[in-house]
Amino acid sequence: FEAATMTGATLARARLGGVDLTGADLQRADLSGARAEGCVLAGAQLGGASARGARLSNASLSRALAQSADLSGADLTGADLSGADLTGADLSRANLSGAKLKGAILRNAKFRGATLERADLAGADLSGAVLVKAKLEEANFTGAEFERVDLTDATHNMMTTWPAGFSPGTGLPSYDQISEAYDEPHAFEAGAAPHPLVSEDEAPEHTQPLAEDRAREDVQEDTT
């Protein structure tokens, strides 16, 4: 099937595991629910194609042209998408754990609720990408373009690597930071400065009564 022309083909739930579709024309094809583990789609044209819920673990999509493709809910665990063009593609809820996206073009792509743990996105262009509620633990964004990226409610950890000069900001707390805030000794002692990740409203209830007790003691001392 190498370099085959299958524009608009219906391949929903097809068994394509290990099939070589290098350079194939699959524009606007329906690959929804296809079982294509280990499939070779290097350089394939997938513009406007639908692969919703497809199983593409360990598949090769390097240099694939998949602009505006629908890959929502797809299993892309360990897949190779290096250099692929996924401009405007929908990868919401997709599993990209350990996937290779080095140098990929991901402008305005949607990764809502997607899993990108341990994914390699070094040098990728994520301009305008939506990563709302995405899981970014141990992901590598070294050298990536991050202009206008939406990281609302996304999660990361200390092993997540960001582009030089980029900071996720206080709006994106990591699991490690939250755990550290609540485990820190004397974090909620009365009179202590509130932890930067914990508001006064979130502090344990015992802190306010303790502060009031100390205030009463000070008054008693002054009157004696």
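Predicted model: local features only at pLDDT ≥ 70, side-chain atom pairs only at ≥ 80, totals over all residues.
Me: What geometry do the rings of F146 and W162 adopt?

Reply: Rings of Phe, Tyr and Trp (its six-membered ring) pair if their centres lie within 6.5 Å; planes under 30 degrees apart are stacked, over 60 edge-to-face, and the rest tilted. Searching the whole structure this way turns up five aromatic pairs. With 6.0 Å centre to centre and 80° between the planes, F146 and W162 are edge-to-face.

Me: And what do you call the ring pair of W162 and F166?

Reply: Here the centres are 5.5 Å apart with 45° between the planes, so by the angle rule the name is neither stacked nor edge-to-face. F166 counts as partly exposed, at 27% relative accessibility. Ring pairs link F141, F146, W162 and F166 into a cluster, and the W162 and F166 pair in it is tilted.

Me: Which residues have the most contacts inside the largest nonpolar core?

Reply: A nonpolar core is a set of buried Ala, Val, Leu, Ile, Met, Phe, Trp, Tyr and Cys residues joined through side-chain atoms within 4.5 Å. In soluble globular proteins, nonpolar side chains tend to be buried together. The largest one here has 61 residues, and those with the most contacts inside it are L96, L101, L106, F111, L126, L131 and L136.

Me: What does L126 touch beyond its neighbours in sequence?

Reply: Contact means heavy atoms within 4.5 Å. Setting aside neighbours within four places in sequence, L126 is in contact with L106, F111, L121, L131, F141, A144, E145, F146, E147 and V149.

Me: How far apart are the closest N and O atoms of R107 and D125?

Reply: A salt bridge is a side-chain nitrogen of Lys or Arg within 4 Å of a carboxyl oxygen of Asp or Glu. D125 counts as buried because its relative accessibility is 15%, whereas R107 is partly exposed at 40%. R107 and D125 qualify as a salt bridge, with their closest N and O atoms at 2.6 Å.

Me: How many residues separate D70 and R52 in the chain?

Reply: D70 forms a salt bridge with R52, the closest N and O atoms being 3.6 Å apart. The pair links distant parts of the chain, both in the segment before α1 (175-183), and the separation is 18 residues.

Me: How many salt bridges are there in total?

Reply: R148 and E147 also meet in one, at 3.9 Å from N to O. R148 counts as exposed, at 57% relative accessibility, and E147 as partly exposed, at 44%. The total is three.

Me: How far apart are A54 and L71, C-alpha to C-alpha?

Reply: A54 lies in the segment before α1 and is buried, with a relative accessible area of 2%. Leaving aside neighbours within four places in sequence, A54 is in contact with L31, G33, A34, A74 and D75. A54 and L71 are 17 residues apart in sequence, and their C-alpha distance is 7.5 Å.

Me: Over residues 184-211, what level is the pLDDT below?

Reply: For the protein chain, the mean pLDDT is 84, and 74% of residues reach 70 or more. Over residues 184-211, a stretch with 24 contacts beyond near neighbours in sequence, the pLDDT is below 50.

Technical notes
Residues numbered from 1 in each chain as written. Heavy atoms only, no water. Helix = DSSP H or I, 4+ residues; strand = E, 2+ residues; numbered from the N terminus. Buried < 20%, exposed > 50% of the residue type's maximum accessible area, 1.4 Å probe, protein only. pLDDT = per-residue confidence, 0-100.
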